[in-house]
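Please read it with the sequence and the model side by side.

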Amino acid sequence: MQKFTTLTGVAAPLEIINVDTDMIIPKQYLKTIKRTGLGTGLFSEMRYNEDGSDNPDFVLNKPGYKAATILVAGDNFGCGSSREHAPWALVDYGIRCVISTSFADIFYNNCFNNGLLPAIVSREDLDKLFDDANRGANATLTIDLEAQEIRGPDGGVVKFEIDPQRKHKLLNGLDDIGETVHARGPAIDAYEQRIAGNRPWL
Amino acid sequence: MAPRTLYDKIWNDHVVDTREDGASLLYIDRHLVHEVTSPQAFEGLRVSGRKVRAPQKTLAVVDHNVPTSDRSKPNPDPESATQIETLAQNARDFGVEYYSEHDVRQGVVHIIGPEQGFTLPGTTIVCGDSHTSTHGAFGALAHGIGTSEVEHVLATQTLIQKKARNMLVQVDGSLPAGVTAKDIILAIIGEIGTAGGTGHVMEYAGQAIRELSMEGRMTVCNMSIEGGARAGLIAPDEKTYEYLRGRPKAPQGAAFDEAVRFWDTLRTDEGAHFDSVIRLDAANLPPIVSWGTSPEDVISVAGVVPDPDQITDEAKRISKHRALEYMGLKAGTKITDIGIDRVFIGSCTNGRIEDLRAVARMVEGRKVHASVNAMVVPGSGLVKQQAEQEGIDKILIAAGFDWREPGCSMCLAMNPDRLAPHERCASTSNRNFEGRQGFKGRTHLVSPAMAAAAAIEGHFVDIRNWG
């Protein structure tokens with residue numbers, strides 16, 4: 001998995017609360033059997049018109065935001081389905097960090113398996129970051145995961161929350177499956193033997 | 001030992017190991033797999049040369065993508081056909097039991113788990129689908145996971161988890177006539193909001209929950225995720241055991257009795273701590289209709305479309321204005337004045353036999369309104385078969401409903417069943433998000449009985465005084 005250490009880039013403001021996974025990547029893109037290539041479907045219903053042309057009002061179609069690598073969004077980002085296609089689409093488009101006051105649980109979890117940083121900030125700081133993001137390409141943000149800081153264009157610093165194990169995983173690009181298979185195999189074997197006795201009907 | 005919640009007990013029973021970083025490795029007893037969120041996981045196993053650790057604890061079925069039209073004809077969508085064939089191939093390659101679209105046991109993954117007795121009390125159940133919370137109705141800790149986690153479970157039969165907080169949702173009293181499990185859960189989501197349960201596991205308790213059938217309990221737990229909670233739980237009781245007795249994958253004979261002795265211990269202890277508590281009186285609940293684009297946007301059928309200008313929080317006010325614009329509704333409109341074009345009966349929320357019976361009772365001897373296209377998609381092949389044995393299909397077809405093959409269908413509209421732009425649908429499904437049932441489609445979430453009455457009248461009606 002790709003590591004996440006620091007990131008400097010344009011931040012696109014998406015001033016909508018409860019952005020759900022159907023908005024992030026609508027169902028017609030879920031028929032793929034691959035993890036890649038989903039960037040074209042990102043926010044498709046807001047991003048494209050009915051005839052398939054770009055909707056000029058959508059933030060990622062505005063000059064200066066096409067190359068955004070950071071998204072600043074309203075409360076409860078990623079609610080709805082468990083589709084990992086949502087973080088896959090964001091990453092495939094080039095977004096490596098989403099900043100909000102809160103995230104839905106499953107989406108939040110999925111981010112960490114894809115090198116995508118969901119940064120949680122206070123409401124007050126989010127408003128500040130919306131202001132920065134609204135200045136477009138002239139106002140890049142720098143995300144420093146180690147320091148848990150977002151540095152704005154005018155020297156302002158916003159702290160964000162993340163729990164230590166998830167931070168460690170992103171910083172090092174760790175693969176959970178390899179760790180579990182190699183380090184936990186004996187514990188899993190022992191557990192299976194125990195339940196075979198305790199709950200034989202399973 | 002300190003008093004424990006049902007969640008605490010199931011959690012403790014499944015901790016395999018505690019990692020250095022403080023997270024737990026949780027054992028997974030049952031893994032349900034479907035075609036949309038699994039191909040990349042199986043591919044990951046292949047690339048790293050891994051096997052499925054416990055194929056006998058894994059069950060695969062196609063549901064999201066399958067057409068609900070005549071299955072003897074080829075799938076009209078090549079991408080969908082590829083995804084379905086990929087699951088069939090993966091199941092063969094990795095030795096996992098698989099129900100194809102031609103198998104009578106095929107159906108929506110959260111309907112077939114309980115139906116087969118694969119879902120059992122006290123187990124941990126995961127699936128790459130957020131409505132896995134449905135299985136919590138059996139006192140199982142069940143929740144949705146992403147595809148990377150699907151791969152982790154396939155490879156190791158475990159999941160890395162941090163314990164959630166406990167929330168109690170106490171629903172006292174008895175439901176009035178015309179008010180159902182669907183109305184209970186919609187009311188709860190309306191109360192706590194779509195992020196109200198984030199970070200929590202919800203346990204539903206109280207007289208109204210105990211009085212629900214297993215089907216009704218599944219409807220309630222199913223939509224826990226719409227309130228932000230990954231999992232919902234209901235303690236098992238005699239109804240649970242009766243539902244499971246004799247199911248193909250449930251324990252049989254003496255093993256069943258032994259299991260029941262254990263299942264009887266799966267109750268929240270007196271005095272156990274909940275981090276938050278919500279109370280609701282079922283006796284005061286009306287039939288509920290959603291008016292917006294979030295499951296928290298709900299109102300009594302006797303009410304009117306709310307006015308967003310009354311909301312003080314700016315971000316929320318803007319979002320509710322956006323919802324009304326999307327839905328093509330004006331604040332102050334009576335809910336019963338909202339006309340509909342489509343009706344969808346089905347989904348993991350309301351696609352079970354009891355739901356189809358409720359619809360049949362409402363529409364027997366009546367006709368679907370001339371301006372409405374109404375479809376019924378049974379939750380599984382076995383639900384369809386049972387409905388046909390009971391003559392429900394004949395009642396519905398005579399009333400003008402389209403009687404279809406089982407699958408997820410227009411709940412998420414991945415297959416050809418979908419709304420045209422601006423079409424308005426009374427739906428028994430679980431999400432009214434923008435575009436959910438089709439690009440620019442408009443969804444109103446309701447109970448099966450409410451959807452049935454709306455199909456007949458062409459607009460919403462208060463079923464408490466209808467008929």
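Helices (DSSP H or I, at least four residues) and strands (DSSP E, at least two) are DSSP runs, numbered from the N terminus. Ala81(B), for instance, sits in helix H3 of chain B.

## Ground rules

This is a predicted model: local features need pLDDT of at least 70, side-chain atom pairs count only at pLDDT 80 or more, and totals for chains, interfaces and linings use all residues. Residues are numbered from 1 along each chain as its sequence is written, while chains are lettered from A and ligands numbered from 1 in the order in which they are written.

A residue is buried if 20 or more other C-beta atoms lie within 10 Å of its own, exposed if 12 or fewer, and partly exposed in between; C-beta atoms are placed from the backbone. Ala81(B) has 16 C-beta neighbours inside 10 Å, so it counts as partly exposed. Between Ala81(B) and Ala259(B) lie 178 residues in sequence and 40 Å in space, C-alpha to C-alpha.

## Chain A

Chain A holds seven helices and eight strands. Its C-alpha atoms fill a box of roughly 65 × 45 × 25 Å along the principal axes. Of its 202 residues, 47% are buried. Two residues are in contact if their C-beta atoms, placed from the backbone, lie within 7 Å. Among the chain A contacts between residues at least 6 apart in sequence, 69% join residues at least 24 apart.

Asn18(A) is not a glycine, yet its phi is positive, near 55°. Asn18(A) belongs to the loop between strand E2 (11-14) and helix H1 (21-24) of chain A. With 26 other C-beta atoms within 10 Å, Asn18(A) is buried. Phe43(A), also not a glycine, has a positive phi of about 50°. Phe43(A) is found in the loop between H1 and helix H2 (44-47) of chain A. Phe43(A) is buried too, with 22 other C-beta atoms within 10 Å.

## Where the chains meet

On chain B, 58 residues are in contact with 45 residues of chain A. Several elements of chain B give two or more residues to this side, including strand E1 (15-18), helix H2 (39-47), helix H3 (78-94), helix H5 (147-156) and helix H11 (314-327). H5(B) gives the largest share, six residues.

For the classes, Ala, Val, Leu, Ile, Met, Phe, Trp, Tyr, Cys and Pro count as nonpolar, Asp, Glu, Lys and Arg as charged, and the others, Gly among them, as polar. By that scheme the chain B side has 20 nonpolar, 26 polar and 12 charged residues.

## H2 against H5 in chain B

Axes are lines fitted to C-alpha atoms, for helices over the stretch in contact, and angles run from 0 to 180 degrees between N-to-C directions. The axes of H2(B) and H5(B) come within 8 Å and cross at roughly 50°. Angles under 35 degrees count as roughly parallel, over 145 as roughly antiparallel, 65 to 115 as roughly perpendicular and the rest as oblique. H2(B) and H5(B) are therefore oblique to each other.

H2(B) brings Gln40(B), Ala41(B), Gly44(B) and Leu45(B), which meet Thr147(B), Val150(B), Glu151(B), Leu154(B) and Ala155(B) of H5(B). That contact has five nonpolar, three polar and one charged residues.

Just after H13(B), Gly365(B) has a positive phi of about 80°.

The axes of H13(B) and H15(B) come within 9 Å and cross at roughly 45°. That makes the pair oblique. The crossing is left-handed. Leu356(B), Arg357(B), Val359(B), Ala360(B) and Val363(B) of H13(B) make the contact with Ile392(B), Ile395(B), Leu396(B) and Ala399(B) of H15(B). Eight of these residues are nonpolar, none is polar and one is charged.

H14(B) spans residues 381-389, and its buried residues are Gly381(B), Val383(B), Lys384(B) and Ala387(B). They cover an arc of only 160° around the axis (from the directions of the C-beta atoms), which puts them on the same side of H14(B). Their cover includes H4 (109-116), H13 (353-363) and H15 (392-399) of chain B. Just after H14(B), Gly391(B) takes a positive phi of about 80°.

How values were computed
A crossing is left-handed if the near helix is turned anticlockwise from the far one by less than a right angle, and right-handed if clockwise.
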